[in-house]
Amino acid sequence: MSRIPEMFAGVRGSGRAALIPFITAGDPDPDTTVTLMHRLVAAGADLIELGVPFSDPIADGPVIQRATERALARGVTLGDVLAMVRRFRAEDQATPVVLMGYLNPIETMGYAAFAVAARAAGVDGALVVDVPPEEGDDLVAALRGEDLDLVYLLAPTSDATRIARIAAVASGFVYYVSVKGVTGAGNLDLADVAEHLAAIRTQIALPVGVGFGISDADTAGRVAAIADAVIVGSAIVGRIEALAATPERIPTVIGDFVAGLRAAIERR
Amino acid sequence: MATSTDNVVPGTVRAGLASYDWPDARGHFGPYGGMFVPETLMHPLAELQAAYARYLQDPEFLAELDADLRDYVGRPSPIYHAERLSREYAGAQIFLKREDLNHTGAHKVNNTVGQALLARRMGKPRIIAETGAGQHGVATATVAARLGLECVVYMGEVDVARQEANVYRMRLLGARVVAVKSGSRTLKDALNEAMRDWVTNVDHTFYIIGTVAGPHPYPAMVRDFQAVIGREARAQMLERTGRLPDALVACVGGGSNAIGLFYPFIDDQDVALHGVEAAGEGLETGRHAAPLNAGAPGVLHGNRTYLMEDANGQIIETHSISAGLDYPGVGPEHAWLKDSGRATYAAVTDREALIAFHTLTRVEGIIPALESSHAIAYAAQLAPRLRKDQSILINLSGRGDKDMHTVAQLDGITL
């Protein structure tokens, strides 16, 4: 059973938004990723999004592109990412983990084989950036068969028809992309986001997370006031990159940053 | 020369095909094609589909396209009976469809003229494009200059360095050329960056994709704009020889010149369709750009097709002497034509292409692009297997001016 609904129920019960940090698996190395995942939970993460490296990440900005390239240079594969989740699960059976990436590595492994291996590793869901509902039937079926959620994106360009289409297939939560752009883009317009969330909630009962363009605790706090989850990626990944010379400091420094995000979410 | 059927509008060509009716409504060619893009792009793709469907039925748009192809591009392009080359290869009669004589020197402009007119009708003031060798970038910058549209061209940093002349041409034409520094810094990365730009500036930007790849409706739309090649050639061959050619030969990178030639012949079952991929240093070396010959199906750049990928689904770097064929994917319709058996796909090496380049230059006085040289090289193998009263039509998709530096370097000469 996916851990995602239970997590959201608990967070809702305590009257706050969930905090979802994103890191690229294998950046700078698999050991650090596993250590960092535990540190993220200790700092207040409610769900971890783990980026699966792909050679051609068309929805990602420069920061996550470079993280992807660093992981690929180490030879990190989808199988390796699942191994990292398995190691994390050995000590943490509660925190949901969602893989975020692109279709081709999954297609190469095979949908059914991926679903079985992901469940066995302790994955709760997947967000496959280049699979809109129009192309997702087979993947949804394979994941559902293993009780995994397929998390869909919604965008500022998603009109009522598209929201309805996604409402029909989404599970776990939906991820609202707050800006037209790639990950790490700047300047999210809070009023505009609020308006879109209202439109989404008329059709979708699942929790709605907001991501892309949340780079600091202040913005995280403001988004937490209107969203069910706050998703922060590039701001974390960029800090990991800045610590390349001293990787042993990554868990502490990133943990402190994420704790700051959590505090801002609690304060709002 | 031109007959009244030459300038048939893009959409109506479908009516001439009795049984072949791909893609389906959602852009699939059998298991290939589709719309594998982030959610942000689904709405603009739907808009593009609607606009394209509408303007294909709009006589005013079609008349404008027709006039541009005639007066600006220089269509129809002739077919040329290469008699000395036919003797050299000692077999079938070889005809060349002279796309090299188009404005800007290649077939690419057929498509950019069409898409730029569409961009203007849709009220998009800004054009973006990706380019490898620079031919599509130049063809895009050219039509953007003519229509007064802002133009940004993405080009891998590696290609910027090896195609300086085309970079300068684009800048002369008023385009901003952005050197892409991510990934392998070649064509596929330029495409990635153009998609990122489009996601960001989707409200006022039209993305002119240069080949029959990308998400639906691009593979069908680019094919329809390029199908003018095959429509003209079909009428011209009937007029010249009284019958259809026995075989068509075209090089395949993304595959736009090939599909443009093949498409109007798909229902002519007696006409063999031969696509030619870049075998680079040899298929067995792994250093090539031949996904149909040595790749596997996967998903990249918005569609499912044959790809060059590793065992973990990562896209791998390609190699070809010809920058225009140096791409790890191929248009989904070619994947479908391959699987369905309607077309066959061979591959020729850098070395074979180079020999063909020199042969055509010496015996016919036509310097072909290195891309097109792959088609010539395959014809050298095919022609002796046919009788002298049979015919092969090769798409001479571009001229070789842009390749002078590359060829000179290979011959040990510095220009």
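What follows is a chat about a predicted model with chains A and B.

Visitor: How many residues are in contact between chain B and chain A?
Guide: On the chain B side there are 37 residues, and they are in contact with 36 residues of chain A. This is a predicted model, so these are computed values.

Visitor: And how much area do the two chains bury between them?
Guide: About 2900 Å², with 50% of it on carbon and sulfur atoms.

Visitor: Which three residues of chain B supply more of that than any other three?
Guide: Glu39(B), Arg196(B) and Gln314(B). Together they supply 23% of the area that chain B buries against chain A.

Visitor: How many salt bridges between the chains?
Guide: The count is 4 between chain B and chain A. One pair that meets this way is Asp56(A) and Lys188(B), with N to O at 2.9 Å.

Visitor: What about residue pairs in polar contact?
Guide: There are 22 between chain B and chain A, counting pairs with both residues at pLDDT 80 or more.

Visitor: Switching to the folds. What is the strand order in the open sheet of 6 strands in chain B?
Guide: The order is E3-E4-E14-E9-E10-E13, and the pairing is mixed. Strand E3 (79-81) and strand E13 (343-349) of chain B are at the edges; each has a single partner strand, so one side of each lacks a neighbour in the sheet. From one strand to the next, the twist averages 25°.

Visitor: How do E9 and E14 of chain B run, parallel or antiparallel?
Guide: Strand E9 (residues 247-251) and strand E14 (residues 391-396) of chain B run parallel, joined by 3 bridges. Within that pairing, Leu248(B) stands opposite Leu393(B) in E14(B).

Visitor: Which helices pack on the sheet? Start with what H14 touches.
Guide: Helix H14 (residues 350-364) of chain B touches E3, strand E4 (93-98), strand E10 (272-280), E13 and E14 of chain B. The direction of H14 makes about 90° with that of E13(B). Helix H15 (residues 370-382) of chain B also packs on the sheet, touching E4, E9, E10, E13 and E14 of chain B. The direction of H15 makes about 145° with that of E9(B).

Visitor: Over to chain A. How many strands form its open sheet?
Guide: There are 9, in the order E5-E4-E3-E2-E1-E9-E8-E7-E6, with parallel pairing. At the edges stand strand E5 (149-150) and strand E6 (152-154) of chain A, each with a single partner strand, so one side of each has no neighbour in the sheet.

Visitor: What pairs with E5(A)?
Guide: Strand E4 (residues 125-128) of chain A, in the parallel sense over 2 bridges. There, Gly125(A) stands opposite Asp149(A) in E5(A).

Visitor: Back to salt bridges. How many over all chains?
Guide: A search of the whole structure finds 48. Among them is the one between Asp124(A) and Arg89(A), whose closest N and O atoms are 2.9 Å apart. Asp124(A) is in the loop between helix H6 (111-121) and E4 of chain A, while Arg89(A) is in helix H4 (residues 78-89) of chain A, so the pair ties together parts 35 residues apart in sequence.

Visitor: Where is there a cis peptide bond?
Guide: One joins Asp27(A) and Pro28(A), with omega about 5°. Pro28(A) lies in the loop between strand E1 (18-24) and helix H2 (30-42) of chain A. Another joins Arg75(B) and Pro76(B), with omega about 0°. Pro76(B) sits in the loop between helix H2 (59-73) and E3 of chain B.

Visitor: And which residue has a positive phi although it is not a glycine?
Guide: Phe212(A), at about 75°. Phe212(A) is in the loop between strand E8 (208-211) and helix H10 (217-224) of chain A. Most residues other than glycine have a negative phi.

Key:
Residues numbered from 1 in each chain as written. Chains lettered and ligands numbered in written order. Predicted model: local features only at pLDDT ≥ 70, side-chain atom pairs only at ≥ 80, totals over all residues. Heavy atoms only, no water. Contact = heavy atoms within 4.5 Å. Buried area = accessible area lost by both parts, 1.4 Å probe. Salt bridge = Lys/Arg side-chain N within 4 Å of Asp/Glu carboxyl O. Polar contact = N/O pair within 3.5 Å; in protein donor to acceptor, adjacent residues only side chain to side chain. Pairing = 2+ DSSP bridges. Helix = DSSP H or I, 4+ residues; strand = E, 2+ residues; numbered from the N terminus. Axes fitted to C-alpha atoms, helices over the stretch in contact; angles between N-to-C directions.
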